[in-house]
Amino acid sequence: MARFDLTVLAIPAYIGAMGAEYVWLRRHPAPEGAPRAGGYELSDTIASLTMGLGSLVAPHVAKRVLDPLTLGVGRWGKALIGTAVAAGVATTAADIVRRRTAYGRLPAAGVVSETSRYGSSAPPPALPANPTMTGVTAVAAVGATALAAATTWAAQTSGKRLFALGRRDLGTGWAASLLALFGWDFIYYWNHRLSHESRWLWAVHVVHHSSEHYNLSTALRQPVAEGVTWTVPYGVLALAGVRPTLIENARALNLIYQFWIHTEVVRSIGWLEKVLNTPSHHRVHHGSNRRYLDRNHGSILIIWDRLFGTFEPETERAVYGLTRNINTVNPVRIATHEWRDIARDIARAGNWADRFGFLLRGPGWAYARRAAGRAPCGRRTRGRG
């Protein structure tokens, strides 16, 4: 029997709720005609709906594109690994040439540090800029490595595979369903938090934060590149005996719940604010205010943020969007702008620590490192853009 995605079945409810919100906002204008961040702007809403539709199509496209590149699954998996190795070797060789060009050949008797060669009071001369080809091979090496890791990890940790490896089956009763729902919620908290703390994951998640408006249509502005990222696998629930179908249902209910919290219409729901993620808590999460950055990562429950130190109450009006807004409603640019910036930073980096740092470390570190150039970076600065 065909199985339907609950998030797709909920589409009529999404549309009806957006219509009701729009009517309410029209009947309750902001004081003195001031612009309302929760209001609807046609081009922004269309962009959000387009990204929502894209997120439904993307998994099917990703499967066709990525399966052939997955090690142990597709015929091109080994070729992808070979590309990463070859590009890495070529980039390393170019780095050696650049350093010898700048500092001269080291004495045959041994290695001498750059500082001792040029005196402790003066820094070594600047390295020549990366040749264009070195930037291309560096991007190819890091990109192929990341893609190989992501596809292999996803294949090895899928719910179906881990359920087949497990020795338990909790069935389809209420206990198994609750374990799936709250287990997903717990894992979601950590994946959502990591999506703000690692630039690789942020490049996927930034789509959802790109709007400067905050209404129910913003909830539908979903990522389309989740197939090329690395997460704590929800499939681990299968090892506990949760069937993959229940895991999928938990995913759907998780997303459906999050829809209603993307609104300015509901200000508070009383004592339930202590337990549940609510519009108040999630407005904080979408705020670009400095005190709101990287806070309130919960999905259905807010207790994870309270337990793990990422909770922030709503104490000031949120300014929505990114710390550096992209000022576009073009869905292609919304989906790709951070990937483009990562590729550019990797291409310009002069060593492997920075190259992988621009992919794996936090967005704040990357922006500070880019601004500092060759100068060493200090403490990570909070921020997203």
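Predicted model: local features only at pLDDT ≥ 70, side-chain atom pairs only at ≥ 80, totals over all residues.
**Whole chain.** Start with the protein chain in cartoon. Its secondary structure comprises 16 helices and zero strands. Colour by burial next: 43% of the 385 residues are buried. Now show the surface. The accessible area is about 19700 Å², and carbon and sulfur atoms account for 65% of it. For contacts between residues at least 6 apart in sequence, 72% link residues at least 24 apart.

**The largest nonpolar core.** Select W200, I334, I346, F358 and L359. Within this core of 24 residues, these five touch the most other members. At least two residues each come from α3 (42–66), α6 (132–156), α9 (199–209), α14 (331–348), α15 (352–360) and α16 (363–372). Which helix gives the most? That is α9, with six residues.

Stay here and centre on L359. Ignore its neighbours within four places in sequence. What is L359 in contact with? Its partners are V142, A146, S198, R199, W200 and I342.

**The second core.** Move to A176, W184, A238 and I247. They belong to a separate core of 13 residues.

**Helix α3.** Select 42–66. This helix has 25 residues. From first C-alpha to last, α3 reaches 34 Å, close to the 36 Å expected at 1.5 Å a residue.

Now show side chains along α3. Buried residues are D44, T45, A47, S48, M51, G52, S55, A58 and L66. As you read along them, recall that an α-helix has 3.6 residues a turn, so residues three or four places apart point the same way.

**The loop between α12 and α13.** Finish between α12 (279–286) and α13 (303–308), where D294 sits in the loop. Check its backbone: phi of D294 is near 60 degrees, a positive value in a residue other than glycine. Is D294 buried or exposed? D294 counts as buried because its relative accessible area is 10%, under the 20% cut-off.

Step along to N296, in the loop between α12 and α13. Phi of N296 is also positive, near 55 degrees, and this residue too is not glycine. N296 is buried, with a relative accessible area of 0%.

Methods:
Residues numbered from 1 in each chain as written. Heavy atoms only, no water. Core = buried A, V, L, I, M, F, W, Y, C linked by side-chain atoms within 4.5 Å. Buried < 20%, exposed > 50% of the residue type's maximum accessible area, 1.4 Å probe, protein only. Helix = DSSP H or I, 4+ residues; strand = E, 2+ residues; numbered from the N terminus. Contact = heavy atoms within 4.5 Å. Areas by Shrake-Rupley, 256 points an atom, 1.4 Å probe, with all protein chains shown as cover. Expected span 1.5 Å × (residues − 1).
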